Every structure is written in C-alpha cells, then in structure tokens.
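Q: I have a chain open on my screen and would like to talk through what holds it together. Could you take me through it step by step?

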Amino acid sequence: MSFCWWCLCIYCLWLKVSVAKGDSWNLEVPHSVVGLEGSCVVIPCLFSYPGPDRKASDLTGIWFTDSNEIVYHTTTSKISTNFQHRTSLLGDLRHRNCSLKIRPLQHTDSGPFTFRIEIEDFDKYSFAKNKVSITVKDTPEPPTLSVEERIKSGKKVTTTCTFLHSCPSDPPNLTWSHQGKVSSQSTQQTKGQWKVTSSLSFTPSKRDHDKLLSCTAVFPGGKKVSSITTLNVTYPPVSVEVISSSSVQEGDSVELNCSSDSNPAAYAYRWFTERGTLVSEGRTYTLKSVKRHTEPLYCTAINTEGQASSTPIQLNVVYPPEIKVGSSCTSEISTVTCLCMVDSHPASDIKWWTSDPSKVLNSSNTERHGSLTIVTLQGALDSNTVHCHASNSQGKSTMTLRVPHNGKLVYTAVAVSLFLVVVTGLTVWMVKRSCVSSRTEEPVTHTKTEENVASQPGSERECKAYSTYADSQNVYGNMRLEEDQCSDTYEVTDGDAVYANM
C-alpha cells in the first residue's frame, strides 16, 4: 500500500514537471543587448504561463544573476545593493511584459541575467535557458548622415540622420546644425536596439555651399556623438566683377580679368561694351592702346546653372593736361575775363600769371565737368598777354592768351573817326569853293584844252584828284560829290550836295 502511494506521488510530480516544461511556459528575450555606460539599457521581455490571466498582486517578477544576486524584485527591498534605485520593470506583468530597465548602466552590469515569475497559489518558474547578457560600451556609435552628393540652390532637399540606441524610454536628444523642418521616427531592431531616423528638410542657398552640416545625438548620461558632412550646393554665377589695375596711362595696354563666384566654376566668359557689343571671349581681355574716353566694359560668366554679368566699369585712364583751343580772353570797358579750359586726368592744378610766373593771379571761379576743368580769371589787366599753366602727375601745359583792351580801342577809334570826318569835310569844301570861283570868271561853255584844264583851280584834273582821295576815305562812307559838280562843263547843280549823306 505504501508502495502504491509513493508511486502515485512520483507520477503527479512528473505530470506537473511535464506541464511546466510544456509550451505554456515561454519567454521571449534577446540573447544579448548593447548598452552605453552612463546611459540606460532595456532588456525587452515577454513571457507566458498556463491558465488564465492573474491580477497584479498574484504576480511577482524577479531578475537575478548567475550568482543569485537580485537585480530586480517586485518587492524593492529585496533588490541587491548594487542595483538599488537603478532597475525597474518597464512592462506590466498582468500583460505578461517583463522588460527590464537599468539606468545608469555600469561596466559591471554585463550579466548574464535570468527572469523568474512567481504566481501566488499556482506555480513559480525560472527561465534559466533564456539568459541575457549585456555588452557595455564606453562610447556610442556615430550616426549615419545621408545627403545628396549635389544639391541645387533654391531647390528643397531632405537629409537624414540615423543612429542606434538601447533606451526607448529615454531616447537620445538629436540636434541639427542647420535650420529646417525636422521629423523623427523610431523602429525596434534586434538585440534590444532601437533605430531612430531624423529627417531635416530645407531649401539650400549659395551661402550653404561648403558649409558643414552635422547631426548630434546626446545620450542619457551626457555622452554625445556627431556625424558631419560638407554640403555641395550648385548655383549660377554671382558677384561677377571686372578686375583691372587701378589706373592706366593713355596709349598703354591694360589686362582685364573677369571674376565670379559659382558652383560649378564658370566654363565661359564674354566681354561686352556698355552698348552690348561683343568684343572678346575668355576670362582675360587685353585692351591695347587705351584711349582717354574708352567706352565702359562689362563681362558675363556662364556655368551649367546659369549666367550673370558684372556692372560696366569705366577704365581709369590718366593723361597729361591739354588746354583746349576755346580758351580765350574778352574785354568789356575796363574788365578782362579769361577762360582756360583744361582736359586732364587726374584733374590739373591751374595757375595764371602775366609776365612773372612767381606772381600767380587768383582765379575767380573753377568748374569741373568730368575730365574738363574750366578756370575763370576776371579783373583789370595792364598786360597784353596772360599765361594759363596746367599741371598734374602726368605732365604740364601752358598757353598764352592775348588780352584785348576793348575800352581803350573804342575811344581811340571814335577820336580818329571824328578827326578824319573833319579833315575830309574841309577838303571837300575847299574843292567846292575852287570850282565855283572858276565858273564865275569864265564863260559857262567853252572848248576844253589841256592847258585850260590844268590851269583852272576847279579843273577836271583837280576834280579827279579829289575823287581819288575821296574814294580812299570811303571807310567813313556815305560821303560823295554830285557827278555834275565836276562835269565837262564844270557846272554845279546844287552846291549843298557836296556834304550830302556825310
């Protein structure tokens, strides 16, 4: 009898063990996980047990080491000193989730660790064949930063930064070095790892070219890691300008260079006059025998993204002063006004003097119109000439101007004219009187002989002599004798006509 009871007990025990080892007691955990020292690590864990769900108070979850050191216990007072305040269950045992969180992770927390479930008034089970080890790292793995090899200026682009971590409850904080719209998503991986993918969307500009783009992950505990790349932004030419020497002498040659900022670099350059006439191609343009008034020039740079032009530049052509032929002096009464017009670059220093260069006369006014300088000298001048002297860094020039004294000339001319009028009048009167006297002494008509003509005071020869004299004085014209006055008969039709229109 006693033997049969013993056999029955052994059978029941075997049956119970068989149930415990059956499919109803299962645990899903990774064989190992990776964690960062100073951060946190989570061991994902799901378990199952036979029978219906139990209330929380009936369930006791325990994690322990091979040395039976309690890593976690539902009753926190039973947790080993080494793990006090560092472990917790992320899962809910009622939902058969036994995930363990350790924070902060230490180098000694390598495991292996075993989970045990105790169900009040039912059973207890240790999943000894499902142990989990932890690989503790000193530094995190750098994130993977992905961006297109070439991004176009003005066109929206999206870059991604991906990194792994082992603490889904406290994921690392990720930041970007560039402004833009950020979005993130997290997916669970194997070995207790989670992958976070952060996306940054922005519109690059020319300023972003060769700029560093980085994403940085800061893990719980303060450790951080970054990944950096250099942006390659393509854009059309900008900042196009003509580079040349600061100045060039008239008649010399000058080399002009077209400078631009673009990516990729410009493959073609063209040179134009301000009016749009194409004059050359190539980055460098050599202008020979430069003239003082050369038309402004500009260049155009072209690359695969577009083209742009510089602003036209006016060459700084330097040349010595040239006093223009329009320079002169005028006079009104007693005031002389002299103008000296000088074309030069740079502007000239202009001086006046009469006979002594050391006695410089003060200019009355100076005007500048581009390269032309007009200097005025005004006042009373006793000299018949005045000198205009212009000089700059390129040379000098002097012109002598005649000074007309118009006031004195007018007075003199008037006096001389009056004198000539008086002399002429007296002469005519004397001739007239002579002719009249001769006619009263002789017959009105008679045959002329050469002797008579020569002997008479009012003879034809004498009249012809007067006529010649009168013609020579015709400067003061409108002074004449009537034809009849010295006719063949020497008749005078109207004695008063001698002074007519004088």
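Q: How many disulfides are there, and what counts as one?
A: The count comes to 6 disulfides, where a disulfide is a pair of cysteine sulfur atoms within 2.5 Å. Please keep in mind that this is a predicted model, in which local features need pLDDT of at least 70 and side-chain atom pairs count only at pLDDT 80 or more, while totals for chains, interfaces and linings use all residues. Residues are numbered from 1 along each chain as its sequence is written, and side-chain values use heavy atoms, with hydrogens and water left out.

Q: OK, which residue does Cys45 pair with, and how far apart are the sulfur atoms?
A: Cys45 forms a disulfide with Cys98, and their sulfur atoms are 1.7 Å apart. The torsion about that S-S bond is about -70°, so the disulfide of Cys45 and Cys98 is left-handed. Cys45 sits in the loop between strand S3 (41-43) and strand S4 (46-48), and Cys98 in the loop between strand S7 (87-89) and strand S8 (100-102), so the pair ties together parts that are 53 residues apart in sequence. Helices (H or I, at least four residues) and strands (E, at least two) are DSSP runs, numbered from the N terminus.

Q: Is Cys45 buried or exposed?
A: Cys45 counts as buried because its relative accessibility is 2%, and Cys98 is buried too, with a relative accessible area of 0%. Buried means under 20% relative accessible area, exposed means over 50%, and partly exposed lies in between (1.4 Å probe, protein chains only).

Q: And what about Cys161, where is its partner?
A: Cys161 is joined by a disulfide to Cys215, with an S to S distance of 1.9 Å. This pair links distant parts of the chain, with Cys161 in strand S14 (residues 157-165) and Cys215 in strand S18 (residues 212-218), 54 residues apart. With 65° about the S-S bond, the link of Cys161 and Cys215 is right-handed, and both Cys161 and Cys215 are buried.

Q: Changing topic, which residues touch the most other members in the largest nonpolar core?
A: Those are Phe47, Trp63, Phe115 and Ile134, in a core of 29 residues. A nonpolar core is a set of buried Ala, Val, Leu, Ile, Met, Phe, Trp, Tyr and Cys residues joined through side-chain atoms within 4.5 Å. Among the elements that give two or more residues to this core are S3, strand S5 (59-65) and strand S9 (113-119), and S9 supplies the largest share, 4 residues. There is also a second, separate core of 19 residues, which includes Cys258, Tyr269, Leu315 and Tyr319.

Q: How many salt bridges does the structure hold?
A: The structure holds 17 salt bridges, each being a side-chain nitrogen of Lys or Arg within 4 Å of a carboxyl oxygen of Asp or Glu. In one of them, Arg86 pairs with Asp109, the closest N and O atoms being 2.7 Å apart. Arg86 lies in the loop between S6 and S7 and Asp109 in the loop between S8 and S9, so the pair ties together parts that are 23 residues apart in sequence. Both Arg86 and Asp109 are buried.

Q: Which residues are linked in a network of salt bridges?
A: The network links Glu250, Arg292, Glu322, Lys324 and Asp343. The side chains of Lys324 and Glu322 meet in a salt bridge at 3.5 Å, N to O. Lys324 counts as partly exposed at 30% relative accessibility, and Glu322 is partly exposed with a relative accessible area of 33%.
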